[in-house]
Amino acid sequence: MTLPVVHLRVPTHEDAFVWHRLFDDPDVMEFFGTGASAELSVYEELTARQRRHDAELGICLWTLLDADGEPIGFTGAQPWPRDWGPTGEIEIGWRLSRAAWGKGYATAAAQATLERARTAGVPDVVAMVDARNERSIAVTRRLGMELAETFMSPGTDRVARCFRLAL
């Protein structure tokens, strides 16, 4: 499969509104947090934090654009943001609008993320994936990541799989 062309940009304040719109879908949110759509304020804080990560670390969750420059989600790398799981490590991740699924965007975006992380001097990355999320697990395999650990997500009955890759 030939992967599509993707572009990554540091998220703007306006991208908070874009991400909120793109991810306001129960299918998209099924494996994230409570599975419910997030409030706009969550994306406002998230995009602001990503701009700080970009300035301080050279990596962040970038807004993912298709070949025409239209936003279709986000992808990137950031310090693992929770006090459980792979604390202190750099996590890669992706979240795409439902309309962008099944077209190779997640793999293309994740590959671009790995290149940017290498350039920023990141030695290795993890991907935390809900054990039921077969599509994202398939992306980790296409990237050459190896299953390293399994965690229980606190306060839930969800299993999170931690995949690793040395860069």
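This report walks through the pockets, strands and aromatic pairs of the structure above.

Before setting off, please keep in mind that the model is predicted.

Let us begin with empty space. Rolling a probe the size of a water molecule over the atoms shows where such space is left. The largest pocket found here has a volume of about 910 Å³. Its lining is made up of 36 residues, and those closest to the centre are Phe31, Phe32, Gly33, Arg82 and Arg95. Several elements contribute at least two lining residues each: helix α3 (40-57) and the strands β3 (71-79), β4 (90-96), β5 (124-130) and β7 (159-166). Sorted by class, the lining holds 20 nonpolar, nine polar and seven charged residues.

The second largest pocket contains about 370 Å³ of space. Here 23 residues form the lining, with Trp94, Trp101, Ala106, Arg135 and Val139 closest to the centre. Two or more lining residues come from each of α2 (26-29), β4, α4 (105-119) and α5 (134-142). Of these, α5 gives the largest share, with five residues. The lining of this second largest pocket divides into 13 nonpolar, five polar and five charged residues.

| Pocket | Volume | Lining classes |
|---|---|---|
| Largest pocket | about 910 Å³ | 20 nonpolar, nine polar, seven charged residues |
| Second largest pocket | about 370 Å³ | 13 nonpolar, five polar, five charged residues |

Next, look at strand β2, which covers residues 61-65. Five of its five residues are buried, so β2 is largely enclosed by the rest of the structure. On one side of the pairing story is β1 (residues 7-9), which runs antiparallel to β2 and is joined to it by three bridges. Within this pairing, arginine 9 stands opposite threonine 63 of β2.

Strand β2 also pairs with β3: five bridges join the two, and they run antiparallel.

Strand β5 is mostly covered, with six of its seven residues buried. Seven bridges connect β5 to β7, and the two strands run antiparallel. As a landmark, valine 125 stands opposite leucine 165 in β7.

Is cysteine 162 buried or exposed? Its relative accessibility is 0%, so cysteine 162 counts as buried. Leaving aside residues up to four places away in sequence, cysteine 162 touches Pro86, Val126, Ala127, Met128, Glu146, Leu147, Ala148, Glu149 and Phe151. Isoleucine 137 lies 25 residues from cysteine 162 in sequence, and their C-alpha atoms are 10.0 Å apart.

Leucine 147 sits in strand β6 (residues 146-152). With a relative accessible area of 48%, leucine 147 is partly exposed. Its contacts, again not counting residues up to four places away in sequence, are Arg161, Cys162 and Phe163. Between the C-alpha atoms of leucine 147 and valine 126, which are 21 residues apart along the chain, the separation is 9.4 Å.

## Aromatic pairs

Finally, turn to the rings. A pair of aromatic rings is described by the distance of the centres and the angle of the planes. Searching the whole structure gives five aromatic pairs. In one of them, phenylalanine 23 and tyrosine 43 have ring centres 5.9 Å apart and planes at 45°, so this pair is tilted. Phenylalanine 23 lies in the loop between α1 (13-22) and α2, while tyrosine 43 is in helix α3, so the pair ties together parts that are 20 residues apart in sequence. Both phenylalanine 23 and tyrosine 43 are buried.

Tryptophan 80 and tryptophan 84 form an edge-to-face pair, because their ring centres are 5.5 Å apart and their planes stand at 85°, an angle over 60 degrees. Tryptophan 80 and tryptophan 84 are both buried.

Ring pairs also link Trp19, Phe23, Tyr43 and Phe74 into a cluster.

Notes
Residues numbered from 1 in each chain as written. Predicted model: local features only at pLDDT ≥ 70, side-chain atom pairs only at ≥ 80, totals over all residues. Heavy atoms only, no water. 1 Å grid on protein atoms, 1.4 Å probe; cavity = no way out; pocket = protein on both sides within 12 Å on 5 of 7 lines; lining within 4 Å. Points joined across faces, edges and corners; volume = space filled by probe spheres on them. Helix = DSSP H or I, 4+ residues; strand = E, 2+ residues; numbered from the N terminus. Nonpolar A, V, L, I, M, F, W, Y, C, P; charged D, E, K, R; others polar. Buried < 20%, exposed > 50% of the residue type's maximum accessible area, 1.4 Å probe, protein only. Pairing = 2+ DSSP bridges. Contact = heavy atoms within 4.5 Å. Phe/Tyr/Trp six-rings, centres within 6.5 Å; stacked < 30°, edge-to-face > 60°.
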